[in-house]
Amino acid sequence: IRLEREVFKSVTEEQFILHYQPIVNQNQNRIVGFEALLRWDHPEFGMIPPNEFIPLLESTGLIVQVGYQTIKKACQQIKTWEQNGFNDIKMHVNLSVRQLFSEELVLQLENILAKEKINPKRLTIEITESMIMEDSDHFINMLDEIRKLGIEVSIDDFGTGYSALSYLTRLNVDSIKIDQSFVQQVGCGDKGDAVIKSIISLARHLDLNVIAEGVEEERHISFLLENECSEMQGFYFSKPLTEYEANQYLFTYH
Ligand code: G
Ligand code: G
Ligand code: NA
């Protein structure tokens, strides 16, 4: 209840910051990008995780404004990295349903790209499978508009949306992210292994890039490499990092 009152203030005072989790290509031994993860840096309560405040931002409609600030910050970071010579680093930004259904989103994106003058290919929008079920026609149009700007689109938490795979024939996206629940089942049984192999193969047949999430152990990596999935993200490589730590990570591993 306290948080509800605080959340309005937090937007005007820009108390939101971004952490960045590395995404690596384990085959080529390099960093391909980062996923931007929103944090509420509250002056009194400290760092509040997204699961606690994103629903609040959604129900109050503030997510549209915070989303704009988030994308802008992410693009400014891309530009800073570019200026430091890291000009092949991608940035993934999460979008929520309410943003996808906001009239302003495409304009916001256009505006940010024009202002920051970054290569739109550097930016990837992550959406979850469950959003697609809300209103697929609107959704398909929206994603096409976004992709026309040159921005890439990725399906997050792939395999957990209980949705029919038929949407894959109508939706134009660039990549999928295998949900961490599948990765964590690797080696725990033939069925789990078969499912993740099938997801990788499905992506390949659809000509989509695949990123495995939640990679924590050596055995996850060897399984993924054997099955030709080389892009990975997870605690094995790094937890989400502050801006400072992400810079250190880049200078160390790039
Ligand atoms: O890092 P982690 O606990 O922080 O993230 C929890 C969830 O919050 C993830 O499922 C992630 O997709 C979501 N999330 C993180 N940042 C953002 C954001 O900027 N916008 C939206 N809509 N969701 C986000
Ligand atoms: O839903 P999304 O994929 O955006 O969620 C990212 C969330 O997953 C964040 O909360 C992040 O902190 C968490 N995360 C990232 N890597 C790992 C991992 O290797 N293991 C676990 N359990 N969680 C992870
Ligand atoms: Na995500």
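This report describes a predicted model of a protein chain with its ligands.

## Confidence

The structure is a prediction. Average pLDDT for the protein chain is 93. A score of at least 70 is reached by 98% of the residues. For the model, ipTM is 0.97 and pTM is 0.96.

## Overall fold

The protein chain contains 11 helices and 9 strands. Its radius of gyration is 18 Å, close to the 18 Å from the globule rule for 254 residues, so the chain is as compact as a globular protein of that length. Along the principal axes, the C-alpha atoms fill a box of roughly 50 × 45 × 40 Å.

How much of the protein chain is buried? Buried residues account for 34% of the 254.

## The nonpolar core

The largest nonpolar core has 60 residues. Five of them touch the most other members: Ala74, Ile78, Val93, Ile178 and Ala212. Helix α3, residues 63–83, provides the largest share of this core, with 7 residues.

Look closely at Ala74. Which residues does Ala74 contact, beyond its neighbours within four places in sequence? They are Leu18, Ala36, Met91 and Val93. Val93 is also on the list of core residues that touch the most other members.

## Around ligand 1

Ligand 1 has a shell of named residues around it. Leu37, Leu38, Pro49, Pro50, Asn51 and Ile54 are among them. Thr70, Asn94, Leu95, Ser96 and Pro240 also belong to these surroundings.

Which elements each supply at least two residues of this shell? They are strand β2 (30–42) and helix α2 (50–60). Helix α2 gives the most, with 3 residues. By class, the shell around ligand 1 has 7 nonpolar and 4 polar residues. It has no charged residues.

## Around ligand 2

Ligand 2 has 13 residues around it. Which come nearest? Gly214, Glu216, Gly234, Phe235 and Pro240 do.

The shell around ligand 2 includes 4 charged residues. The others in this shell are 4 nonpolar and 5 polar residues. The shell around ligand 1, by contrast, has no charged residues.

Technical notes:
Residues numbered from 1 in each chain as written. Chains lettered and ligands numbered in written order. Predicted model: local features only at pLDDT ≥ 70, side-chain atom pairs only at ≥ 80, totals over all residues. Core = buried A, V, L, I, M, F, W, Y, C linked by C-beta atoms within 7 Å. Buried ≥ 20, exposed ≤ 12 C-beta atoms within 10 Å, placed from the backbone. Helix = DSSP H or I, 4+ residues; strand = E, 2+ residues; numbered from the N terminus. Contact = placed C-beta atoms within 7 Å. Near = placed C-beta within 6 Å. Nonpolar A, V, L, I, M, F, W, Y, C, P; charged D, E, K, R; others polar. Rg over C-alpha atoms; globule rule 2.2 N^0.38 Å. pLDDT = per-residue confidence, 0-100.
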